[in-house]
Amino acid sequence: MQGRKNLGQRHVPEPPAQAGMFVLVEMVDTVRIPPWQFERKLNDSIAEELNKKLANKVVYNVGLCICLFDITKLEDAYVFPGDGASHTKVHFRYVVFHPFLDEILIGKIKGCSPEGVHVSLGFFDDILIPPESLQQPAKFDEAEQVWVWEYETEEGAHDLYMDTGEEIRFRVVDESFVDTSPTGPSSAEATTSSEELPKKEAPYTLVGSISEPGLGLLSWWTSN
């Protein structure tokens, strides 16, 4: 399927990709350090525990945690009766993936379905470009399981395919957080068989759009 996507290549200025998809978030947490780590530097032990707890995790209404940036304040540490570990209240800043609305990002197509084009950034996969937000007119090719932009030119219509693995530039137009904290089953759910359990929802999803000039597959556009 290679080579078919460059038909009708257009010349428009490329919108710049933004660098603001990562933000620094101030957080506070109490960190438990077990006794066998007391010989290490306290900051090193705390940094390791914070990254174990937060790295690659989604915090509700905050974003996807990437890594610890710095520790800004350590309060007094306490050892509680019956627990030989120290407990320290820590103020810190964490690098979080949370692009702002209308930000332009570049990812790769992970796959297509009737629900739209699924995009991955490598470290984050829960991005969907729904059919109404594609370049129009668009159609879904059931045989090849791929979305197609039916691009009109003076010579006629060309089918531009959105193949898996292609780089795609899109605008972030919406986001959704789902609280996936564990909860006890209700009485009705307790009687439901495991085969009927609902599909697990992603805790954080982005909705994208490519319905404007310069957006879509990078191979569609030139900067000349």
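At a relative accessibility of 76%, lysine 200 counts as exposed. In this predicted model, lysine 200 is placed in the loop between helix 2 (187–190) and strand 13. Lysine 200 and threonine 180 are separated by 20 residues in sequence, and their C-alpha atoms lie 8.7 Å apart in space.

## Aromatic pairs around phenylalanine 177

A pair of aromatic rings is described by the distance of the centres and the angle of the planes. Over the whole structure, 13 aromatic pairs are found. In one of them, the ring centres of tyrosine 60 and phenylalanine 177 are 6.3 Å apart and the planes stand at 80°, so the pair is edge-to-face. Tyrosine 60 counts as partly exposed, with a relative accessibility of 45%, while phenylalanine 177, at 15%, counts as buried.

Phenylalanine 177 also forms an aromatic pair with tyrosine 204, and here the arrangement is stacked, with 4.4 Å from centre to centre and 10° between the planes. This pair, too, links distant parts of the chain: phenylalanine 177 lies in strand 12 and tyrosine 204 in strand 13 (residues 204–209), 27 residues apart. Tyrosine 204 has a relative accessibility of 0% and therefore counts as buried.

## The aromatic cluster

Tyrosine 60, phenylalanine 177 and tyrosine 204 are among the members of one aromatic cluster, which also includes Phe22, Phe97, Phe123 and Phe124.

## Cysteines

How many disulfides does the structure hold? The number is 0. Cysteine 67, accordingly, is in no disulfide, and the nearest cysteine sulfur, which belongs to cysteine 65, is 9.8 Å away; a disulfide would require the two sulfur atoms to lie within 2.5 Å.

With a relative accessible area of 33%, cysteine 67 is partly exposed, whereas cysteine 112, at 12% relative accessibility, counts as buried.

Technical notes. Residues numbered from 1 in each chain as written. Predicted model: local features only at pLDDT ≥ 70, side-chain atom pairs only at ≥ 80, totals over all residues. Heavy atoms only, no water. Phe/Tyr/Trp six-rings, centres within 6.5 Å; stacked < 30°, edge-to-face > 60°. Buried < 20%, exposed > 50% of the residue type's maximum accessible area, 1.4 Å probe, protein only. Helix = DSSP H or I, 4+ residues; strand = E, 2+ residues; numbered from the N terminus.
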